Amino acid sequence: MDAKATKVAEGIHRLSANVKNILFEGMWPVPNGVAMNSYIVQGEKLAIIDGVCGWDGVPETLLAQFEQLNLDVNDLDYVIINHMEPDHSGWLDAFRKVRKDFTIYTSERAKPLLEAFYRITDNIKLVKSGDTLDLGAGRVLAFEEIPNVHWPETMATFDTKSGTLFPCDAFGSFGAVSDEAPYDDTLQEEQIEFFEREMERYYSNIVTAFSVATQKAVQKVKGLDVKIIAPGHGIVWRREPDRVIRSYTRLAGYAKGPARAEVAVLWGSMYGMTELAVQPVIEAIESQGVKTRVHRVPESHIGYVLDSVLQSSGVVLGMPTYEYKMFPPMAAVLDEIGKKKIMNRKAFRFGSYGWSGGAQKELDEINERNKMKWDFLEPVEFNGRPTEHDIELARQRGVELARAVKQWTLGDAAS
Ligand code: FEO
């Protein structure tokens, strides 16, 4: 696994490992891979901020990058752990094999996790917001707790000399990063936009449930004189750190809605009866100038469904009743959307039933249990195959939904 250390700013280097062919967190597809970033910060003392996962070959990649910088891991004075999730802390086991005594700087809530994951109980210096670590040569690191972005113990580290913020998961994205161009100022606009799309899926999969915490973290970050944002995943924002701050502000806001003036159409069908109404509904929505993002369930992975639902102010659920309840894959998807706290959507359900209905009852339960507060139009249910009248009714609801979405997102400009 080749990887190259690159210079972020005077005295700061980015070390990184790209991981591909995995499901991130054991469940999220990352067809474009994901980068895990670590940073070496040099004053008179030497610190490493964040690390990489512990999988075969990955910690070794990190350690090899020390040599590229003519550094020895034994030169490290401090290990700063912003976040304990093993994609950033997993390398500690490998590190301990080459270096026995080192001091960890981390937050109070990380302490029990250090013991639980790595049996580390000694040489831990606990820090909180406002605490600093002087590396000498005018380099002072300041710590800022940003709990729940993405675990409760998470903090950010700020290099006051260069204005570089190391926020770990916050401001991160999916997508493997080329060692040749890991910075926004070394990428073409279309490459930056690629990482922004990867960021949207990353946010919806990993961070959405913590959107309120993210908004608080963003406010804290805005109080710092940030010139560079160097996250634990994705590219480093050096030319325009405000751009990624704006993206995260927008995505965090989407969780409560409104999001974009778009509609996510999630549908599933057993024998093609519910499917007969899908295209008419899509056409009705689009006839109002509203874009749709369409996913067949369960064929489309929940990772992509979450991305579309987070970014859409409207959601269509088209599925049959199954054994007195919702089509099970749709129930599972909807429950996950609820657990991710994607709230306040304009919504519409349609679908076929055979000997009995019942989908609505379960839908209401999921909506209630997760406090989703989705605002549903009158559903359109049909017994077996939809009639022309059923299709026309579904079409009308599609138009209604699109108009409601436009009204909500665009206000007076929609009329
Ligand atoms: Fe990148 Fe929450 O770990």
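For a chain of 415 residues, a compact globule would have a radius of gyration near 22 Å; the protein chain has 24 Å, which agrees with that expectation. The model is a predicted one. Its C-alpha trace spans about 75 × 45 × 35 Å along the principal axes.

**Composition and burial**

- The protein chain contains 12 helices and 22 strands.
- Of the 415 residues in the protein chain, 47% are buried.
- When contacts between residues at least 6 apart in sequence are considered, 74% of them join residues at least 24 apart.

**Packing of H10 and H11**

- Helix H10 covers residues 328-339 and helix H11 covers residues 359-369; the two pack with their axes 9 Å apart.
- The angle between H10 and H11 is about 20 degrees; because angles under 35 degrees count as roughly parallel, H10 and H11 are therefore roughly parallel to each other.
- The crossing of these two helices, H10 and H11, is right-handed.
- On the H10 side, the contact is made by Ala331, Leu334, Asp335 and Gly338, while H11 contributes Glu362, Ile366 and Arg369.

Note on methods. Residues numbered from 1 in each chain as written. Predicted model: local features only at pLDDT ≥ 70, side-chain atom pairs only at ≥ 80, totals over all residues. Helix = DSSP H or I, 4+ residues; strand = E, 2+ residues; numbered from the N terminus. Rg over C-alpha atoms; globule rule 2.2 N^0.38 Å. Buried ≥ 20, exposed ≤ 12 C-beta atoms within 10 Å, placed from the backbone. Contact = placed C-beta atoms within 7 Å. Axes fitted to C-alpha atoms, helices over the stretch in contact; angles between N-to-C directions. Parallel < 35°, antiparallel > 145°, perpendicular 65-115°, else oblique. Left-handed = near helix turned anticlockwise from the far one by under 90°.
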